[in-house]
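Student: I've just opened this one. Walk me through it, please.

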Amino acid sequence: MFVVALSPRPRSVTDVADASEQLWHQLSRVDTHAPFTALSGQLLLGVPKDPDAAVDALMRVTRLNFCNIGLGIGSLYEPVPTDADLVEGKAARRALGALEAASHRGERVPICVSSGTDEMDAELEGLLRMLGQWIRTRTEAEWSVVDLLTPGVRGQQKAVAEILGITPQAVSAAIVRSGYNDELGARAAIARLLEFTDQL
């Protein structure tokens, strides 16, 4: 199982209310077993449904660039509740430990992973931070295109162009500049590693 713990950094934003609204908007789009819940003003916890959803949650939060992020991998007491504040087990404890580590390391992309295997944790952290840093360099124009795309669906560029009032060529160029297709491949690879790690 996968548990994600988040701790907002208010000093990283100028409008706390707007940042909070953006965060909850992004988290609401993550496929979860237990939806993200605020356990306190400085701690949010959620249980993504599967490895792909875990990567999705991490990248959505990384995009906003004002949270420390901890990912815990391991078992949870069963039956796993659908309320995040009732979740208990190794994955939950590890998520909190990873969050604590993320808040003190001073990384450009503050993501830490805890699975009980230090070597695997370090490798996953490197991949997640690298992908997160890439995502954070996107422009608003690139995000306006990427946010309208559905992975795996062909022939979207014309529809996106019509919605945004730009040419299909401009949409295609934005997709290339954003690294969208590379992101999809990287997400899939990281999710596969998360699944493998969860089975160790």
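Predicted model: local features only at pLDDT ≥ 70, side-chain atom pairs only at ≥ 80, totals over all residues.

**Cores, sheet and helices**

Student: Which residues have the most contacts inside the largest nonpolar core?

Tutor: Leu-6, Leu-23, Met-59, Leu-71 and Leu-194 do, in a core of 43 residues. A nonpolar core here is a set of buried Ala, Val, Leu, Ile, Met, Phe, Trp, Tyr and Cys residues joined through side-chain atoms within 4.5 Å. Buried means under 20% relative accessible area, exposed over 50%, partly exposed in between, with a 1.4 Å probe and protein chains only.

Student: And which helix gives the most to this core?

Tutor: That's helix H2 (residues 51–64), with eight residues. Helices (H or I, at least four residues) and strands (E, at least two) are DSSP runs, numbered from the N terminus. Another core, of 14 residues, lies apart from the largest one and includes Ala-5, Val-47, Val-87 and Ala-92.

Student: New topic, the sheet. What order do the strands have?

Tutor: The sheet is open, with five strands in the order E2-E3-E1-E4-E5 and mixed pairing; two strands pair if DSSP finds at least two bridges between them. Strand E2 (32–40) and strand E5 (111–114) are at the edges with a single partner strand each, so one side of each has no neighbour in the sheet. From one strand to the next, the twist averages 15°.

Student: What packs on the sheet?

Tutor: Helix H3 (residues 90–102) does, touching strand E1 (2–8), strand E3 (43–48), E4 and E5. The direction of H3 makes about 145° with that of E4. Those angles run from 0 to 180 degrees between N-to-C directions, with axes fitted to C-alpha atoms, for helices over the stretch in contact. Helix H8 (residues 180–198) lies across E1 and E4, at about 45° to E4.

Student: Back to E3: how many of its residues are buried?

Tutor: Six of six. Leu-43, Leu-45 and Val-47 are buried on one side, and Leu-44, Gly-46 and Pro-48 on the other. E3 pairs antiparallel with E1 over three bridges, and five bridges join E2 to E3, also antiparallel. A hairpin through two residues links E2 to E3.

Student: Which residues of helix H7 are buried?

Tutor: In H7 (residues 168–178), Val-171, Ala-174, Ile-175 and Ser-178 are buried. They cover an arc of only 100° around the axis, which puts them on the same side of H7; the arc is that of the directions from the helix axis to the C-beta atoms. Gln-169 and Val-176 are exposed on the other side. Helix H4 (118–136), helix H5 (140–146), helix H6 (157–164) and H8 are among what covers the buried residues.

Student: Last one: is Glu-183 buried or exposed?

Tutor: Glu-183 counts as buried, at 5% relative accessibility. Glu-183 is in helix H8 and, leaving aside neighbours within four places in sequence, is in contact with Leu-131, Ile-135 and Arg-138.

Definitions and conventions. Residues numbered from 1 in each chain as written. Heavy atoms only, no water. Contact = heavy atoms within 4.5 Å.
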